[in-house]
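Some questions and answers follow for a first look at a structure. Each one sets a value against its definition.

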Amino acid sequence: MSLLAAAIMIGLAAFSAAIANSLLFTKYIEGITRQPEVRSTLFGQTMILFGLIEALPIISVGIGILLAFGIIGG
């Protein structure tokens with residue numbers, strides 16, 4: 001049962017990160033097309049948000065591995 005929980009957790013985290021990344025970069029490109037002069041500022045903010053979005057699947061994979069090997073969750 002813990003293998004199923006780990007698989008669901010990792011799969012949903014990857015799916016949600018993919019959706020969030022696509023929305024983030026869509027808005028980044030829209031921002032550049034509206035105001036090209038703030039490109040460097042938008043790039044820095046986008047990369048910070050990209051790192052925060054990618055933290056979710058990394059943490060989820062770590063917890064999923066712990067669940068899969070029975071270290072946590074019985």
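Q: Why is Ser60 called buried?
A: Ser60 has a relative accessible area of 7%. Buried means under 20%, exposed means over 50%, and partly exposed is in between, with a 1.4 Å probe and protein chains only. Therefore Ser60 counts as buried.

Q: Where is Ser60, and what does Ser60 touch?
A: Ser60 is in helix α2. Leaving out residues up to four places away in sequence, Ser60 touches Met9, Ile10 and Ala13. Contact here means heavy atoms within 4.5 Å.

Q: What kind of model is this?
A: This is a predicted model, where local features need pLDDT of at least 70, side-chain atom pairs count only at pLDDT 80 or more, and totals for chains, interfaces and linings use all residues. Residues are numbered from 1 along each chain as its sequence is written, and side-chain values use heavy atoms, with hydrogens and water left out.

Q: Why is Ile63 called partly exposed?
A: Ile63 has 34% relative accessibility. Ile63 lies in helix α2.

Q: Which nonpolar patch includes Ile63?
A: Ile63 belongs to a nonpolar surface patch with Ile10, Ile59, Val61, Ile65, Leu66, Phe69, Ile71 and Ile72. Together they have about 790 Å² of accessible area. Helix α2 (residues 39-68) gives the most, with five residues.

Q: What makes the pair of Phe25 and Tyr28 edge-to-face?
A: A search of the whole structure finds three aromatic pairs. In this one, the rings are 6.5 Å apart centre to centre, with 85° between the planes. Rings of Phe, Tyr and Trp (its six-membered ring) pair if their centres lie within 6.5 Å; planes under 30 degrees apart are stacked, over 60 edge-to-face, and the rest tilted. So Phe25 and Tyr28 form an edge-to-face pair.

Q: How are Phe25 and Tyr28 placed in helix α1?
A: They are three residues apart in helix α1 (residues 2-34), so about one helical turn separates them. Phe25 is partly exposed at 26% relative accessible area, whereas Tyr28 is buried at 13%. Phe25 and Tyr28 also form one aromatic cluster with Phe43 and Phe50.

Q: What does UniProt place at residues 46-72?
A: The unreviewed UniProt entry gives the annotation "transmembrane region" for residues 46-72. Such annotations may be inferred rather than shown by experiment. In the model, the span is 85% helix and 0% strand, and its end C-alpha atoms lie 35 Å apart.

Key:
Helices (H or I, at least four residues) and strands (E, at least two) are DSSP runs, numbered from the N terminus. Patches are made of residues with over 30% relative accessible area and no salt bridge: like charges are joined within 9 Å, nonpolar side chains (Val, Leu, Ile, Met, Phe, Trp, Tyr) within 5 Å. Accessible areas come from the Shrake-Rupley method with a 1.4 Å probe; for residues, only the protein chains shown count as cover. A salt bridge is a side-chain nitrogen of Lys or Arg within 4 Å of a carboxyl oxygen of Asp or Glu.
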